[in-house]
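Dear colleague,

I am passing on a structure for you to look at, and below it I have written out what was found. Please keep the model open while you read.

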Amino acid sequence: MGKIWRVIDTGLRPAAENIALNRALLEARQAGEIPNTLRFLRFRPSALLGYHQSAEQELDLDYCRANGVAIQRRITGGGAIYFDETQIGWELYLGREDAGSADMAQVACRICEAAARGISALGVAAKYRPRNDIEVDGKKISGTGGAFEGNALMYQGTLLVRFDVEKMLRVLRIPAEKLDGKSIASARERVANLADLLGFAPELDVVKEQLMAAFAQEFDIPILPGELTAAELARYRGALAEIDRPDWVNLINRPAADRPILEASRKFPGGLLRVSLAFDARARRIKQVWFSGDFFVCPKRTVADLEAALRDVPLAEIEARVEGFFAQRQAELLLLAPADFAAVIRQAIE
Amino acid sequence: MALVRGCNFPDELFYSAEGNVWARREADGTITAGMTAYGCALSGEIVAWVAKKIGRFVEQNKSAGTIESGKWVGPVKAPVSGEIIAVNEAAAAMPGAINADPYGAGWLLRMKPLDWERESAALLSGKAAAGAFEVKMQAEGFAGCA
């Protein structure tokens with residue numbers, strides 16, 4: 001099954017259908033019914049939770065309901081995202097032996113670096129940023145996540161072709177929500193899309209072609225066009241019956257109060273440092289953090305990279321992580337100290 | 001205790017190399033189960049552990065719950081068939097405990113086995129387990145537990 005890969009495009013679909021296809025194709029790969037597969041997909045406006053997340057904690061449910069944004073749960077890990085027609089999704093379904101490593105971090109790295117090369121071929125300088133982002137000049141252009149089952153795995157990513165940042169801010173409960181009117185500008189500093197970077201939105205066929213070429217080159221394998229098989233469609237119907245239901249969407253249900261958005265600001269000798277963060281009070285983990293304020297850092301992308309390095313970090317390790325981050329790179333902070341970033345986070349939480 | 005490429009495998013436990021899980025039979029006939037040190041090393045830092053509901057019956061080598069690490073989600077396979085009778089809520093709240101102490105504080109769940117005598121024959125212990133994990137690590141190109 002490993003010799004020639006297949007590429008399929010399942011088109012623009014509602015979230016439930018796309019997630020049911022995730023389940024169906026992963027199971028079919030695990031059962032040896034299909035070859036390794038690259039799938040492209042698009043979504044009607046949807047808020048997609050990570051498998052272990054709770055809708056109440058991650059989303060503005062009233063906004064989603066009032067604006068026809070479907071709420072769904074992925075089978076992959078990571079954080080909630082807003083996905084609509086302005087993005088394209090890519091997914092790989094592989095036998096684990098074909099991924100080249102049993103170490104899951106290495107598998108993610110290999111796939112993301114290949115995807116970054118495909119995106120770069122479109123004319124932007126995309127790079128993999130551990131653990132799971134692909135970025136251009138510090139701004140995220142693709143988020144990724146995976147799932148495994150027996151001897152098969154799937155790994156998926158988004159690619160922002162055009163993107164409605166404002167809609168994302170309304171759908172997701174992210175640290176921007178209380179940044180008093182600056183949140184859109186703030187989000188634009190952290191998220192990139194191809195249309196803004198290139199000055200035009202590339203044709204989807206061109207995007208798909210480049211991603212496919214990059215994966216074919218990385219895995220040194222021909223990838224040929226195909227269609228969904230009868231076996232996949234049978235599995236898909238079964239999966240859809242389970243997934244297109246409130247039971248699935250509400251599989252994990254935790255109160256929003258356990259995952260607050262917290263803020264703090266403090267004047268240090270190096271300037272005013274403000275933080276807004278999403279905190280998992282139950283696990284005492286920082287889920288996501290955004291810094292802003294009036295301070296000098298060079299290069300400017302240092303802040304975005306620090307935010308990426310601080311995703312999903314236990315509070316107890318925050319000082320060590322910040323210190324480790326600055327120890328590994330050349331960044332000019334003038335009078336600001338690395339410890340100031342950790343201190344303002346502590347202040348927001350305590 | 002067996003040490004295979006730096007990963008420890010306590011002698012008193014029973015292992016499924018395929019599922020990368022361990023089981024310990026308790027005096028009352030129930031079992032405690034968890035992930036091996038090797039499984040933890042392959043996963044990296046675990047950020048979520050969600051078990052199936054207490055009272056659910058799970059078959060041997062089928063999913064008893066899910067873990068998440070580095071945005072990967074995958075099943076934890078039951079070492080034997082049985083009913084889930086307890087879940088380590090402390091590990092669910094602080095999944096870092098699973099990496100830190102996979103055979104102790106990081107245990108995952110307790111089960112009432114359906115037929116321990118029969119199904120445990122498929123599990124390995126002691127030298128046999130160490131040998132099976134060495135073969136698995138070799139096949140998977142694993143350098144070693146840090």
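In what follows, Ala, Val, Leu, Ile, Met, Phe, Trp, Tyr, Cys and Pro count as nonpolar, Asp, Glu, Lys and Arg as charged, and the others, Gly among them, as polar. Please bear in mind that this is a predicted model.

With those classes, the lining of the second largest pocket divides into 18 nonpolar, seven polar and 15 charged residues. The pocket holds about 1300 Å³ of space, and of the 40 residues that line it, Tyr51(A), Lys52(B), Ser63(B), Gly65(B) and Thr66(B) lie nearest its centre. Both chains contribute to this lining: among the elements that each supply at least two residues are helix H1 (15–30) and strand S9 (139–149) of chain A, and strand S6 (46–51) and strand S8 (63–69) of chain B.

Turning to the cysteines, a search of the whole structure finds one disulfide over all chains, and it joins Cys7(B) and Cys145(B), whose sulfur atoms are 2.0 Å apart. Cys7(B) lies in strand S2 (residues 7–9) of chain B, while Cys145(B) lies in the segment after helix H5 (126–139) of that chain, so the pair ties together parts that are 138 residues apart in sequence. The torsion about the S-S bond is about 95 degrees, so the disulfide is right-handed. Cys7(B) counts as buried at 1% relative accessibility, and Cys145(B) counts as buried at 18%, because buried means under 20%.

In chain A, Cys112(A) is buried, with a relative accessible area of 0%, and its sulfur is 7.5 Å from the closest cysteine sulfur, in Cys109(A), which is too far for a bond.

Best wishes

Terms used:
Residues numbered from 1 in each chain as written. Chains lettered and ligands numbered in written order. Predicted model: local features only at pLDDT ≥ 70, side-chain atom pairs only at ≥ 80, totals over all residues. Heavy atoms only, no water. Disulfide = S-S within 2.5 Å. Helix = DSSP H or I, 4+ residues; strand = E, 2+ residues; numbered from the N terminus. Buried < 20%, exposed > 50% of the residue type's maximum accessible area, 1.4 Å probe, protein only. 1 Å grid on protein atoms, 1.4 Å probe; cavity = no way out; pocket = protein on both sides within 12 Å on 5 of 7 lines; lining within 4 Å. Points joined across faces, edges and corners; volume = space filled by probe spheres on them.
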